[in-house]
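Here's a quick briefing to read with the model open on your screen. Take a look at the chain before going through the notes.

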Amino acid sequence: MALVALLLEVLQRPTMGDLMILTIPIWVAVILGVLVGWAWKPHWVDNFDVTDSVKCKIDQESAKGMLSSLLNLVGLNSLKMQLPSCISWIKDCTFERDLSGSSLNLSSDPLLSSLELQGEKSNLVTSDDLVYLNQLVEESDGGPAWIPMMDRSTSTMSYQAWRRDAETGPPQYRSRTVYEDATPEVLRDFFWDDEFRAEWDDMLIKAETLEENATTGTMMVQWVRKFPFFCSDREYIIGRRIWDAGRSYYCVTKGLPCSTVPRQKKPRRVDLYYSSWLIRAVESKKDSQKPACEVLLFHYEDMGIPWEIAKLGVRQGMWGAVKKIEPGLRAYQKHRASGASLSPCASMAQINAKVCKDRLRSLENASNEEVDTTINSTEKPLGRNISKFLVAGGAVALACTLDRGLVTKAVIFGVARRFANIGRRL
């Protein structure tokens, strides 16, 4: 009761000294709460996406200035002596995101090491991507159940589609298309052939090969796709590669970072992009004497459109888009039958890494063991990464414990926003 009476007295006749005395225990509670919360943080904090998921490089002097301003506001000038050690800890922080179906942007800082650039080029599409695609095919990736969306067919094609909403990230789509009178090899080349794609894909404005590896068949391509009139066009930097498991072709395409192609305001770059498929022969339901081919597609991307609106658009336009693919395939079959020479992209589609089912299983087991080891190791270090939620929460607590002046709150939130936006430097 005495504490309540003291609090009421302070609130009735507030002075700066009284307010500082009042804020000290509250700030201590906030700091303790942050420390306890960080010690018991969930695993998703380490992989939290901060805007474009970039590695941060913090300028020591600017960070020291921001911390000094913040400490001046609180009145804890004695903590300034600890700024050098604090800065050295913050400067090591990184904001990272898993690349399985997502993208990581490298900083355009002139001090960016050549090792980072080499890593950007050498790890375009790896066996981890093959394992991930196989897990999607076998429905062993641990994701939520697929919800049926559509089941349509024509005389020469059948189509089924499913959707699921991931815990984080955009909605994901799975489809199964069976083309009558088609072979896996022709379909493989058809989907890879950017030159011929312009004949049937009216959304493709530009397709350019940025990099290719004639040994592995790995490619990096740039696409610009046309979006509806109320959206700007979208740019994609895509890495792609094909594995051959005995005429079952695992075709991986995903968004990649690319520091050599600068970002522009328009078209808007799509960083989170994943679209991969398995092509394999199946028994024809129309004519047992003719071949049939199945395409299992897995797709998701963050187009910068609200996900609920994107889901509605996909549902409305899916069948119309799918129906346009088959005439393009039949035209491509005729094009190939005429003896026309292969385009460079189609030639790259025929460079495949060989893999067997046993090898796939061993890769998947090795990947699972590595994930377990990573999880165990990330439970030990505390405080290597910093979440902007914690910074924002501290700013809210500080703003509410000072006064009701808008200027003070604006300064505090401005400092917090600068900290939270550190990871946005490109």
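What follows is a short tour, from the whole chain down to single residues.

Keep in mind that this is a predicted model. The protein chain runs to 426 residues, and 43% of them count as buried. It's built with 13 helices and 11 strands.

**The chain as a whole**
- Take the contacts between residues at least 6 apart in sequence: 66% of them join residues at least 24 apart.

- Seen by element, two or more lining residues each come from β2 (157-164), β3 (172-180), β5 (219-225), β6 (234-244), β9 (273-282), β10 (292-301) and α9 (307-337).
- Helix α9 gives the largest share of that lining, with 11 residues.
- Sorted by residue type, the lining of the second largest pocket splits into 30 nonpolar, 7 polar and 9 charged.

**K254, a lysine on the inside**
- You'll find K254 in strand β7, which spans residues 249-255.
- Is K254 buried or exposed? The relative accessibility of K254 is 6%, so this lysine counts as buried, the cut-off being under 20%.
- The side chain of K254 has a partner: a polar contact of 3.0 Å joins it to the side chain of D129.

**T260, out in a loop**
- T260 belongs to the loop between β7 and β8 (268-269).
- With a relative accessible area of 56%, T260 is exposed, because the line for that is drawn at over 50%.

**Cysteines**
- How many disulfides does the count come to? The count is 0 disulfides, where a pair would need its cysteine sulfur atoms within 2.5 Å.
- As a reminder, a disulfide is a covalent bond between the sulfur atoms of two cysteines.
- C258 is buried, at a relative accessible area of 8%.
- C345 is buried too, with a relative accessible area of 2%.
- Both values fall under the 20% cut-off, so C258 and C345 are classed as buried.

Definitions and conventions
Residues numbered from 1 in each chain as written. Predicted model: local features only at pLDDT ≥ 70, side-chain atom pairs only at ≥ 80, totals over all residues. Heavy atoms only, no water. Buried < 20%, exposed > 50% of the residue type's maximum accessible area, 1.4 Å probe, protein only. Helix = DSSP H or I, 4+ residues; strand = E, 2+ residues; numbered from the N terminus. Nonpolar A, V, L, I, M, F, W, Y, C, P; charged D, E, K, R; others polar. Polar contact = N/O pair within 3.5 Å; in protein donor to acceptor, adjacent residues only side chain to side chain. Contact = heavy atoms within 4.5 Å.
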